[in-house]
Amino acid sequence: MTLSTGQQHQNNSLMAISDLEFTRLRDLIYQRFGINLTEQKRSLLVGRLQKLMRRLNLPSFSAYFEYLDQDKTEAGLSELVDLISTNHTYFNREKDHFDYFSETALPAVIERLKKQHRKDLRIWCAGCSSGEEPYTLLMLMMEYLGADYSSWDAGILATDISDRALTVARRGTYAMDRVMQLPEQLRRKYFIPAGQGEMAVCDKVKKEATFRRFNLMNTTFPFKKPFQMIFCRNVMIYFDQPTREALVSRYHQHTEPGGYLFIGHSETLGRTQTRYNYLKPALYQKGEL
Ligand SMILES: C[S@@+](CC[C@H](N)C(=O)[O-])C[C@H]1O[C@@H](n2cnc3c(N)ncnc32)[C@H](O)[C@@H]1O
């Protein structure tokens with residue numbers, strides 16, 4: 001349907017954002033997501049929001065704020081963060097980390113747990129997007145533990161704020177060319193053809209992944225026990241320094257002594273900003289007690 005000039009004008013003026021509304025939006029985005037929206041991003045975000053508001057049939061920004069206020073499920077916030085951040089990810093992204101996981105971190109953690117007569121392996125993938133990262137970690141855990149995997153209380157917790165990304169993750173089906181980024185041995189063992197040029201993660205792996213919507217800005221984490229490994233890669237790039245520091249401090253509280261934090265290769269934590277010990281770029285470890 002094409003709009004007449006008059007209708008277009010009416011639509012555009014209804015959708016225009018005032019300085020006050022933009023400030024309100026910016027404050028909301030900072031408080032809820034820790035993301036500092038610069039003035040340069042204003043027109044990009046407003047354009048995307050206008051599309052969303054048209055879809056939701058909301059005639060103005062005040063109607064949109066009202067919609068967010070009444071949104072008890074946080075689904076509206078999830079839509080909003082999707083407009084600002086990217087869910088971009090792929091299998092085997094920053095391969096070094098997967099090598100370190102299989103060759104060093106996982107063997108060390110398993111060894112320590114065995115010494116403590118424990119078999120609870122607790123790994124959290126925070127900001128898991130569409131699932132490529134947690135599924136790969138699970139495959140590597142299964143490779144390492146082999147037949148012994150089933151005797152462990154293992155699995156992976158994978159969280160993200162984006163419902164859109166989590167829907168893809170739970171489905172666990174990916175285009176063939178994306179899966180090709182994984183080593184052949186993993187592809188053969190853990191995927192089945194799903195038709196239309198797609199491959200599905202096999203059920204054995206899928207059932208070990210727990211996907212949940214979780215906003216990392218929550219100041220308390222609802223986990224009773226600490227993790228041996230936390231992956232939060234390419235997520236904190238959107239956050240400003242104080243937000244990042246506060247989040248890393250929460251991660252530290254929720255890491256077992258000797259446990260690891262993996263962050264994205266383009267991210268760094270200043271040495272004075274964290275109680276984790278620096279191991280190598282994008283990799284940190286909590287000291288032993
Ligand atoms: C670029 S993806 C990173 C995916 C994967 N970790 C990787 O390294 O490829 C960033 C993810 O962080 C999520 N995210 C952004 N802000 C978040 C927040 N406040 N709480 C939880 N997840 C968030 C986004 O929804 C997105 O899926």
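Predicted model: local features only at pLDDT ≥ 70, side-chain atom pairs only at ≥ 80, totals over all residues.
**Exercise 1. The chain as a whole**

Describe the protein chain by its secondary structure elements, its extent along the principal axes and its share of buried residues.

Solution. Begin with the elements: the protein chain holds twelve helices and ten strands. Next, consider the extent: along the principal axes, the C-alpha atoms fill a box of roughly 75 × 50 × 30 Å. Finally, turn to burial: of the 289 residues in the protein chain, 52% count as buried.

**Exercise 2. Helix 7**

Determine how the span of helix 7 relates to the expected value, and decide whether the helix is largely enclosed by the rest of the structure.

Solution. Step one is the span. Helix 7 comprises residues 132-145, which makes 14 residues. From its first C-alpha to its last it reaches 20 Å, close to the 20 Å expected at 1.5 Å a residue.

Step two is burial, for which a residue must have under 20% relative accessible area. Among the buried residues of helix 7 are Glu 132, Glu 133, Pro 134 and Tyr 135, and the list also includes Met 141, Met 142 and Leu 145. Twelve of the 14 residues are buried, so helix 7 is largely enclosed by the rest of the structure.

Step three looks just past the end of the helix: Gly 146 follows with a positive phi of about 55°.

**Exercise 3. Aromatic pairs**

Classify the ring pair of Trp 124 and Phe 221 and that of Tyr 260 and Phe 262.

Solution. A pair of aromatic rings is described by the distance of the centres and the angle of the planes. The chain has 22 aromatic pairs. For Trp 124 and Phe 221, the ring centres are 5.3 Å apart and the planes stand at 90°, so this pair is edge-to-face. Trp 124 belongs to strand 1 (residues 123-126), while Phe 221 lies in the loop between strand 6 (209-213) and strand 7 (227-232), so the pair ties together parts that are 97 residues apart in sequence. Both Trp 124 and Phe 221 are buried.

For Tyr 260 and Phe 262, the centres are 6.3 Å apart and the planes are at 40°, so the pair is tilted. Tyr 260 counts as buried because its relative accessibility is 3%, and Phe 262 likewise counts as buried, at 0%.

**Exercise 4. A ring cluster and its surroundings**

Identify the residues that ring pairs link with Trp 124, and examine the contacts of Arg 122.

Solution. Ring pairs join Trp 124, Phe 214, Phe 221, Phe 223, Phe 227 and Tyr 251 into a cluster. One member, Phe 227, has the charged end of Arg 122 over its ring, 5.0 Å from the ring centre. The backbone nitrogen of Arg 122 is reached by the side chain of Gln 228 at 2.4 Å. Gln 228 is located in strand 7 and counts as buried, because its relative accessibility is 1%. A further charge over a ring is that of Arg 24, whose charged end sits 4.2 Å from the centre of the ring of Phe 65.

**Exercise 5. The ligand**

State which residues come nearest to the ligand, and how much of the ligand's area the protein buries.

Solution. There are 19 residues around the ligand, and Thr 89, Arg 93, Glu 133, Asp 160 and Asn 234 come nearest. Arg 93 places a polar side-chain atom 2.8 Å from an oxygen atom of the ligand. Glu 133 has a side-chain N or O atom 2.8 Å from a nitrogen atom of the ligand. For Asp 160, an N or O atom of the side chain is 2.6 Å from an oxygen atom of the ligand. The ligand taken alone exposes 600 Å², of which the protein buries 99%.

Terms used. Residues numbered from 1 in each chain as written. Heavy atoms only, no water. Helix = DSSP H or I, 4+ residues; strand = E, 2+ residues; numbered from the N terminus. Expected span 1.5 Å × (residues − 1). Buried < 20%, exposed > 50% of the residue type's maximum accessible area, 1.4 Å probe, protein only. Phe/Tyr/Trp six-rings, centres within 6.5 Å; stacked < 30°, edge-to-face > 60°. Lys NZ or Arg CZ within 6 Å of the ring centre and 35° of its normal. Near = heavy atom within 4 Å. Polar contact = N/O pair within 3.5 Å; in protein donor to acceptor, adjacent residues only side chain to side chain. Areas by Shrake-Rupley, 256 points an atom, 1.4 Å probe, with all protein chains shown as cover.
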